[in-house]
Amino acid sequence: MSSVSLLAGAILASLVMYSLLAGADYGAGLWDLLCHGPRQSEQRHLIEQAIGPVWEANHVWLILTIVLLFSGFPDAFGALCVGLAIPLFLVLLGIVLRGCSFVFRSYFTGERRTQLYWGKVFSISSSMTPLFLGILIGSISCDSVIIHGGVSENGFLKTWLLPFPLSVGILAVSLFAYLSACYLAVDAGNAELRDDFRLRGLIAGLVSIAMAVITYVIAGSSAVGIREELSNRPVAWLIEVCALGSMIVAFRGLLLRRYQQARIAAAIQVALIVVGWGIAQYPYLIRPGITIANSAAPRNVAAAIDVALGCGAIVLIPSLTMLFAIFKGTRGVTQQEQAGD
Amino acid sequence: MNNLLAARSQMGMSLAFHIIFAAIGIALPLMMVIAEWRWRATKEEAYLQLAQRWAKGTTILAAVGAVSGTVLSFELGLLWPEFMRSAGAIIGMPFSLEGFAFFLEAIFLGIYLYGWNKIPSWFHFLSGVIVALSGLLSAMFVTLVNGWMNTPTGFVLADGKFTNIRPFAAMLNPAGGPEAVHMILAAYTAAGFATAGIHGWLYLRRGKNRFDEVAIGIALAVGGTAVLLQGVSGDALARMVAATQPAKLASLEGQFRTETGAPLRIGGLPFPKERVTKYAIEIPDGLSLLAFHNPNALVKGLDQVPEADWPDVRIVHLSFQTMVGCGSILCGFSLAAFWLHRKRRLFSRPVVRLIVLLSPLGFVALEAGWMVTELGRQPWIIYHILRTRDAVTSLPNISITFTVMTITYLILGVITTWLLGKHVIASPETRLIEKEETV
């Protein structure tokens, strides 16, 4: 494997981590928006507890993805920033508002109404950001972003304001909501709260199945390249079958209230969906013109970054494991329960 | 507003906003760790309260710093796609390493902030130390990138394209090291004095109390030490600029003519049309002495560069004077403060009032310093290689995104300040401490 493909693989891996970790944080924001019923404030409290210690670390996966993209594939990053400037800007706005409103809400000491208002900003921006992230993924997969000499051929709206990117956006929102509900059901301190998120997980899971089908259908007319890859490559079949399998396991886990099982299976499912997309997109970074090979940094640069990534991972992996062991381990949950009692 | 100006304004505004939070994000963890260390050593309650209070401030500021930093990493591409396309591969290394430093910071900050009762106390302390160190590393890596834009190295330029790229040589460019040291010390200075000022103000309001005294003590120790070291670092940086970017040095100093034994100007206003700097106090041979450590050294003036390639000399010179002025005042005060501390007279009301009065100067110097380095490099985005106007995006109506971002940041800035005020000034623990003091 060449140093350049290794770097592309690292970007995909980073994107998978971002989806599994930050994706769930965004999903939690959507559930915050949709909190209702008698346990409304308990639900909000659970969401806040669940994402508080980890959201910043989770967010760094996006920074890593972007940094690796512009270091390893500067031409692709340049094209992305021109053709998809508007959705990128909206993602940024969402990231800023989500992060800030989350801490503002947590630390607000004044009127309750203002605090609720921050909660709204937090939950709305949490729901919008994955929509635009999905739109970005959809846009680079459907042959709409064509840049010549720094100018976008399809302008700045027709690169992304299309049925396929929009449906990928909604798919991303529903998948993150599903993932998040599966995580929250484990984190929840009591049976009723678990049931709330169990139901939400099932609903969001069903919506994401529907959205996956719709996206596939729309791809037939506007994202032909990636659809062909998804339908014809044996590796893609394998991944699709495995994703389907983990989805069944996750649904079974939710139905039988085996939440630990549902959480792991849902995470595997979402990871496989992102990996499947990456494999179907290969060797393109931005369809139709920009591939891994024609936008890559020189080989020695890619190799140096690979080495830096390897060294970084030696420090990063144990640190991350520790973070999650402290706050998401079984010990963390029982302590939260005690605190709740 | 034309697109280039709008893009520059948006970038400048984003940087100016982010740098405040980034600087506090570097320095506050250090002060927080010092407070926790003092608590572990003395078991005095005030230190623990202080560590916890500062940790709260860090949470709010780190969140704003993290998201505004993300904005910058995207804006590099959104506003300057041609810059990123041509230079992305060269500056990728420090950015990638910064990514890992940022990861460590975020992970251990989470552990530090939310883990008070979940992990052994030595490990909690260690997490704080890692946060402080990784913040410092992040700042270093990012400033190395800015250094490269000023003194680009580590490649061969062929047909306007970068070839034969050596990532580590680019990262270790001549400007990078001195700039990074200067930036990190500036962060400690700015945040140290600002924190001392806030606690000084509280001290005046609440009357004599141990809590604010130890807070002022730690903050001044950090800020004062940093600003004194800044003198050495500033000298190294200025000599580097003199050697590698003579036009930049000339605009910092308002030096229009090339001459030996150039004078050092204190204050003054450059008149670019008349090619003269008026109303300055001139110290003969001063600039030659400072920039080259030789009173007769030849200092290249702006006359060596076509006028079209001059930066905005007036703003650059005034920013530089502001930075040096604020730095000098703080240096003088720090020396006095260390002496007063030995005489045990640091906490008399007039001195504390002076601390409050001087507290914003660190941030003023920090912002002015970034104006100097960024505006002084113009019209180049990569010094003598790529012009800023050739790097800007083809996306129209940047003034719209500039307006949206500015309004958003203004609102965020106001709320963050207000929240910090609420938490530092009026939280219940404060009253608790006051009560203990009066009993």
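The model is predicted: local features need pLDDT of at least 70, side-chain atom pairs count only at pLDDT 80 or more, and totals for chains, interfaces and linings use all residues. Residues are numbered from 1 along each chain as its sequence is written, while chains are lettered from A and ligands numbered from 1 in the order in which they are written.

View 1. L199(A) sits in helix α8 (residues 191-222) of chain A; helices are DSSP runs of H or I with at least four residues, numbered from the N terminus.

**View 2. Packing of α6(B) and α12(B).** The axes of helix α6 (residues 176-206) of chain B and helix α12 (residues 361-377) of chain B come within 7 Å and cross at roughly 150°; axes are lines fitted to C-alpha atoms over the stretch in contact, with angles from 0 to 180 degrees between N-to-C directions. The two helices are therefore roughly antiparallel to each other, the term for angles over 145 degrees.

**View 3. Contacts of M31(B).** Beyond its neighbours within four places in sequence, M31(B) is in contact (C-beta atoms, placed from the backbone, within 7 Å) with W54(B), T195(B), I218(B), A219(B) and V222(B).

Terms used. Angles under 35 degrees count as roughly parallel, over 145 as roughly antiparallel, 65 to 115 as roughly perpendicular and the rest as oblique. Two residues are in contact if their C-beta atoms, placed from the backbone, lie within 7 Å.
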